[in-house]
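This report describes selected features of one protein model. The sequence and the structure are shown first, and the description follows.

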Amino acid sequence: MRFLDERQSLYKSVLPAIRSKCAEIGYELHVVDLYCDHQQQQEFGQIDNTVRLAELLRQNRISHVVPIVFVDDSLGPAVLPLELTRKHFDYARLRTPDASSLIEKWYTLDAQKNNYELRNEMMFETTFETQEADEKLWHDEKVKLQFALLHIFRTKGEYEQIFQQEVYNEIVSNAELAKNSVWLIKNYDAVSGHKCKTTAVESKKRLEQLSYLLTNNLPENNIICYEVANAAESIKKIGTVLISIIESVDKEREKQEAMYTGISEVLLKELKIQSWFGQNMMKLQDVGPDDVMERAIKYFQDADATYPLILYGPPGSGKTTTMATIPKLCFPRYNETAIVVRFANVSANSSSLEQILNSIVVQLNLLDSGKCTWYKHDVQLYSEQIARLLGSIGSKRPVTLIVDGLDQFENGLVDWIPQSLPKNVKIVVSASEPSAYLNRLRQTIKTMDSYIRIGDITDKEIDSLFSVATIRPIGGETIKTEHKTMAAKTWLELQVSLLCSKIRNSKQPPSSENWVEAIFDNIESHLGKNKVSSVIGLMCATRYGLLDSELVELLSSDLSVTAIPTSAGLLWATFNELMSSFLYWFKTDLYATTRWKNAIVAEVASRRYSTSIQRMKEKLLLYYENQVDDKYGKKSLQKRRKLDECTRLMDRAEAINKFFNNLDWVLEKLNHGTVLQLMDELSAHAQEPEVHFLRDFLSSAIPAVMDNGNQLFSQMSLYQPVADRYRALINAPPFPTLMPLVPVDAETQSSKSVALLSDSPGATGRFDLVKRFNDDANYVITVSTEQKEISVWNIHT
């Protein structure tokens with residue numbers, strides 16, 4: 001039962017309101033529809049639910065999944081056992097002569113497992129003209145086979161248990177998923193002109209059993225009996241239930257964020273992201289105790305090795321995977337060594353040298369003293385603090401700092417890496433060869449033992465890389481390559497296997513760039529050049545990548561990509577599944593996007609699709625200009641995305657005039673983003689006088705504006721150069737602002753140390769921290785270390 005009318009009502013009447021609600025509270029709505037119509041199959045060729053299920057699995061890694069399940073009186077498609085033992089297979093054929101041919105058709109022998117497995121419908125040949133008739137035939141055959149098996153195994157109760165277990169495993173046994181699922185049970189009756197599909201006692205028993213399970217695992221309101229005669233009311237109830245679920249998810253998130261852990265929330269999130277990325281990189285490629293790893297192990301074991309270790313090699317050679325594996329292979333499980341690991345460009349807080357060093361200093365300071373201290377946002381200052389903190393920690397316990405991919409940043413300073421390390425301190429960094437960053441490292445760190453080269457990627461490593469794209473080896477089509485045999489169960493797995501085989505067997509020279517070019521060639525041959533060009537153009541045009549919902553919406557409006565707007569989601573899901581080995585979730589403090597996992601893939605994609613990227617920048621700029629709705633306030637995800645991306649999408653001079661010279665935009669950026677992200681954008685235009693002033697001011701005001709950008713004007717009054725420039729705004733701020741009664745003297749300010757912000761420039765009236773209450777903006781807390789005061793102020797008195 002496909003519930004076509006109900007699905008259309010859901011799309012037209014319910015989802016727009018849900019999308020609006022999500023945008024209001026800072027969430028993204030992404031729809032994964034497991035139903036595939038014939039128009040989509042005509043456009044995309046032979047395809048099945050594997051792509052959609054894979055997309056659902058991908059989303060489940062970071063999203064709150066809300067299943068909407070349509071159930072009719074026959075409970076949808078027939079439920080057949082995925083496996084039959086040889087004994088049960090022979091017994092079923094013997095006991096049901098009429099159905100023996102169906103049993104042989106739908107079950108195939110898996111010689112390795114020595115049992116029979118259920119065939120996928122995609123293993124049967126069909127054409128577009130006969131697709132609908134074939135699907136009806138397959139459905140009828142499976143229903144007939146289902147009742148035949150029910151009759152055979154009724155006395156043992158085996159088949160009934162199979163059905164119950166299928167339902168239970170999918171949703172009911174997952175308490176979180178069950179709580180957030182919505183079930184629409186549609187009952188057919190003679191009065192409304194519909195006849196029940198079956199009146200079998202077994203169907204009734206199955207429905208009763210399902211209802212019992214749902215009642216015990218779901219809120220009663222989440223089970224909706226859909227009435228055809230009162231469809232509008234049923235659809236309205238679905239929307240109400242979905243909004244209630246979304247609000248409960250948001251409240252749960254706020255409750256978790258309010259929990260005190262003793263660690264900076266920004267640091268804690270960054271550590272989780274870095275750990276998640278490192279674990280996934282270890283799975284991507286099999287790194288064993290080869291020569292590189294053996295030399296690394298010796299380095300850590302050698303107490304006299306007071307130099308940093310530098311791993312270098314060509315792009316795509318496996319440096320990041322090796323760096324991710326070092327903590328696992330080089331340190332015993334219960335070793336007391338403190339290990340600090342950072343991977344470049346895996347999150348917004350690791351997207352520049354300044355941000356990575358800031359994060360490292362905050363973590364080292366926590367390890368050293370248990371305190372979280374903020375410093376002026378400056379690479380030189382961070383360098384001094386890293387050397388000091390590593391030495392202090394090293395005097396108490398071994399400490400290792402591992403930083404990967406620093407050559408990816410525009411700021412190529414290497415002075416932060418000490419040439420000689422204190423006792424118990426080790427540092428490992430990686431860089432691509434050739435690169436200007438590696439050249440600077442060689443000029444600064446001259447110890448030959450510091451350098452370990454990682455060679456070009458081998459055939460074995462290529463096999464390991466591509467094998468993760470094949471979902472699971474189950475009986476079906478088999479692909480043989482030079483190195484191993486892979487079995488593909490579904491059409492998608494077959495395509496991935498063929499793609500890998502074609503790349504391995506190509507006559508391309510053994511370089512990473514050529515391998516990547518071959519991958520793009522094959523993806524284009526499968527999905528179409530225009531489609532791939534548009535998808536990659538959108539991915540590469542942005543600073544942080546695109547949300548899934550953004551990318552699907554942009555593709556659906558492009559007739560050169562797809563003639564069917566609803567097929568855009570299927571295109572994006574297929575691209576993600578075929579390229580899964582090279583993509584990862586990039587996370588900011590508010591959202592997640594899809595980006596290239598490997599720097600060489602990103603580099604080749606940017607070069608190959610440069611024309612499309614430029615075209616998409618104009619499209620994206622117009623898209624963000626039209627999308628923002630000011631009514632959503634600070635939590636608006638749309639506004640945040642516009643603030644994060646627009647300076648990247650337009651001409652440099654235009655960006656400076658429209659944004660960086662506009663204090664209203666700066667204020668919005670502080671309140672909707674983070675001050676460190678703003679600092680990165682300002683650094684890219686630091687040669688402009690206005691931008692340079694603004695960057696210097698924010699560098700000293702980080703603690704005050706980090707949590708609340710509305711402190712901008714009061715902090716400006718404490719920084720004389722900026723105060724003169726923006727005097728009119730400071731004297732008449734656009735909202736109630738706590739201002740110091742005694743201004744700071746510029747001459748006094750310049751004579752003070754600016755190292756530690758708690759000791760940074762100030763006179764009477766200087767506050768190190770100004771923070772408004774989250775729940776009541778009428779009150780402000782100020783901290784002044786110089787006066788040794790913590791004060792609470794009413795802004796109206």
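## Strand E7 and its partners

In this predicted model, strand E7 and strand E11, the latter spanning residues 451–453, pair in the parallel sense over 3 bridges. Within this pairing, Tyr 312 stands opposite Arg 453 in E11. E7 also pairs with strand E10 (residues 425–432), again in the parallel sense, here over 5 bridges.

## Overall organisation

The protein has 33 helices and 18 strands. Of its 797 residues, 51% are buried. Among contacts between residues at least 6 apart in sequence, 68% join residues at least 24 apart.

Most residues other than glycine have a negative phi, and most peptide bonds are trans. Asn 424, located in the loop between strand E9 (399–404) and E10, has a positive phi near 70 degrees although it is a residue other than glycine. With a relative accessibility of 36%, Asn 424 counts as partly exposed.

The other loop runs between E10 and helix H16 (436–444), and Pro 434 has its place there. The peptide bond that joins Glu 433 and Pro 434 is cis, with omega at about 0 degrees.

Asn 345 lies in the loop between strand E8 (338–343) and H14. Asn 345 is not a glycine, yet its phi is positive, at about 65 degrees. Is Asn 345 buried or exposed? Its relative accessible area is 17%, and since buried means under 20%, Asn 345 is buried.

The model contains 5 cavities of 30 Å³ or more. The largest cavity holds about 90 Å³ of space. Which helices each supply at least two residues of its lining? They are helix H11 (265–284) and helix H14 (353–369). H14 gives the most to this lining, with 4 residues.

The residues that line the largest cavity are Ser 264, Val 266, Leu 267, Glu 270, Asn 349, Gln 355, Asn 358, Ser 359, Val 362, Trp 374 and Leu 676. By class, the lining comprises 5 nonpolar, 5 polar and 1 charged residues.

## The buried side of H23

Helix H23 comprises residues 599–608, and its buried residues are Ile 600, Val 601, Val 604 and Ala 605. These residues cover an arc of only 135 degrees around the axis, which puts them on the same side of H23.

## Summary

Positive phi values occur at Asn 345 and at Asn 424, and a cis peptide bond joins Glu 433 and Pro 434. In the largest cavity, H14 gives the most to the lining.

Note on methods:
Residues are numbered from 1 along each chain as its sequence is written. This is a predicted model: local features need pLDDT of at least 70, side-chain atom pairs count only at pLDDT 80 or more; totals for chains, interfaces and linings use all residues. Side-chain values use heavy atoms; hydrogens and water are left out. On a 1 Å grid over the protein atoms alone, a cavity is a set of points where a 1.4 Å probe fits but cannot get out, and a pocket is an open set with protein on both sides within 12 Å along at least five of seven lines; lining residues have an atom within 4 Å of a point. Grid points are joined across faces, edges and corners, and a volume is the space filled by probe spheres set on the points. Ala, Val, Leu, Ile, Met, Phe, Trp, Tyr, Cys and Pro count as nonpolar, Asp, Glu, Lys and Arg as charged, and the others, Gly among them, as polar. Two strands pair if DSSP finds at least two bridges between them. Buried means under 20% relative accessible area, exposed over 50%, partly exposed in between (1.4 Å probe, protein chains only). The arc is that of the directions from the helix axis to the C-beta atoms. Contact means heavy atoms within 4.5 Å.
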